[in-house]
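Look at the sequence and the model first.

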Amino acid sequence: MLGGIWLIYFSFGLLVASMAPLVARITTDLEISNTAMGSILGAWPLVYIVVAIPCGAFIDRVGLKWSLFLAALIMAASGVLRSVAPDFLTMFIAVGLFGIGGPLISIGAPKAIAQWFQGKERGLAVGIYITGPSLGSAVALALTNSVLMPIVGEDWRAALLVYSAIVFAAGFGWLVIAMNPINRAVEATNNSRGSMGDQIAVFGNLLRIRSVVLVLMMSVGIFFFFHGMGNWLPELLRHGGMAPAAAGLWAALPVAVGVVGSLVVPRLATPRWRFSILLVLFVSIGIGAVLLFSPAMPSIVTSLVIQGLGRGSLMAVAMLILMETRGVEAQHMGAAGGLFFSAAEIGGVLGPFTIGVVSDVTGGFDGALWMMIGVSGALVLLLYAHRAAERRAALVLGST
């Protein structure tokens, strides 16, 4: 089951990152500005915000098997529509469609972990499945311009069609894995049987937990930073003087490093060490943004490595905190995940769009980098607020 989750999440990351190496070609072909391209890149998180919560309730009721298969079909359809989009509006709608399939995967994955793993195994399992989208993104960033584009005759539309076929195949691979009888028994036990009113009450109960709300706020900043930097990093490096193929390869470095980070950091992030680990990561990504002001390759490489460590582990650690918060039960993990990703994708929308606007207004990316430094500082403040809330909650529980 963990392998099946990994497979379908790999295809998710592949399609998410597929457009980043092609930004210059797409903007030229569709005759649109960086601001317009930023809005396209942020289209699917915009839809995600709206549908994540109902998707969470849908997963709790229907189960993982059919929810994740449906997600793969929707994402593949999004890729096909991108490959034939003739203008800005069509491309915006095509990318937005991905926002319906995406939450079914990113919400379904932690629900699967909550069902199948306990204790310390959860940290390792989360770290393993997080490598799926990381490796998918790395493949798209590293190989799109250097390998796939020459194969398809430098046709970006054909490249997107190839990625869509891979997503479609991954969906059927997941379905075969999820058909096993043990999984059917597990889903029968963990799926929610309550009414829609009961489902709505679950959301309300979760939002009354102060620690949950603060995790949601942190998720906004985390996604703002990494969706923004991830979508624009190849273009940022190209703007600094790199060739498109080289920029794509270097932009894949944070994703590759993120694979290592996702396997190591979540396992180390026990309750005792989570605050310190998050503090170091939040400060580090700000330092990474500072280093990108330098044209020297050692500074750029250091920045990319730092970004990779944060990208691969921050979401996993935040999800672990949510998963193990008192009051968040495994059978309601779909609802909790829906809240998490609905909030997070507000940052996912604003990140790439804001960088596009700032780059158009300022004629470069320096202003965007300063903005990302500010985001890392805000995350540090939220982390301290979360620790204070946890201490107050512990005092209340101790007094009762």
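On a 1 Å grid over the protein atoms alone, a cavity is a set of points where a 1.4 Å probe fits but cannot get out, and a pocket is an open set with protein on both sides within 12 Å along at least five of seven lines; lining residues have an atom within 4 Å of a point. Grid points are joined across faces, edges and corners, and a volume is the space filled by probe spheres set on the points. This is a predicted model: local features need pLDDT of at least 70, side-chain atom pairs count only at pLDDT 80 or more, and totals for chains, interfaces and linings use all residues. Residues are numbered from 1 along each chain as its sequence is written, and side-chain values use heavy atoms, with hydrogens and water left out.

**Second largest pocket**

- The second largest pocket has a volume of about 290 Å³.
- It has 16 lining residues, and Leu 236, His 239, Gly 240, Leu 292 and Ser 294 are the closest to its centre.
- Helices α11 (210–239), α14 (297–323) and α16 (366–399) each supply at least two lining residues; helices here are DSSP runs (H or I, at least four residues), numbered from the N terminus.
- α11 gives the most to this lining, with 3 residues.
- The lining holds 10 nonpolar, 5 polar and 1 charged residues. Ala, Val, Leu, Ile, Met, Phe, Trp, Tyr, Cys and Pro count as nonpolar, Asp, Glu, Lys and Arg as charged, and the others, Gly among them, as polar.

**Cavities**

- The whole structure has 4 cavities of 30 Å³ or more.
- The volume of the largest cavity is about 460 Å³.
- Its lining has 26 residues, with Phe 12, Pro 133, His 227, Arg 311 and Met 315 nearest the centre.
- α11 provides the largest share of that lining, 6 residues.
- The lining of the largest cavity has 16 nonpolar, 8 polar and 2 charged residues.
- The second largest cavity has a volume of about 50 Å³.
- Among the residues that line the second largest cavity are Leu 15, Trp 44, Arg 82 and Asn 231.
- α1 and α3 (34–41) are the elements that give two or more residues to the lining of the second largest cavity.

**Helices α13 and α14**

- Helix α13 (residues 274–291) packs against α14 at an angle of about 145°, with the axes 8 Å apart. Axes are lines fitted to C-alpha atoms, for helices over the stretch in contact, and angles run from 0 to 180 degrees between N-to-C directions.
- Contact (heavy atoms within 4.5 Å) involves residues including Leu 278, Phe 282 and Ile 285 in α13, and Ile 306, Leu 309 and Val 317 in α14.
- By class, this contact has 12 nonpolar, 7 polar and 1 charged residues.

**Salt bridges**

- The count is 2 salt bridges, each a side-chain nitrogen of Lys or Arg within 4 Å of a carboxyl oxygen of Asp or Glu.
- Glu 154 and Arg 25 form a salt bridge through their side chains (3.0 Å, N to O).
- Glu 154 lies in the loop between α7 and α8 (156–178) and Arg 25 in helix α2 (residues 23–30), so this pair ties together parts that are 129 residues apart in sequence.
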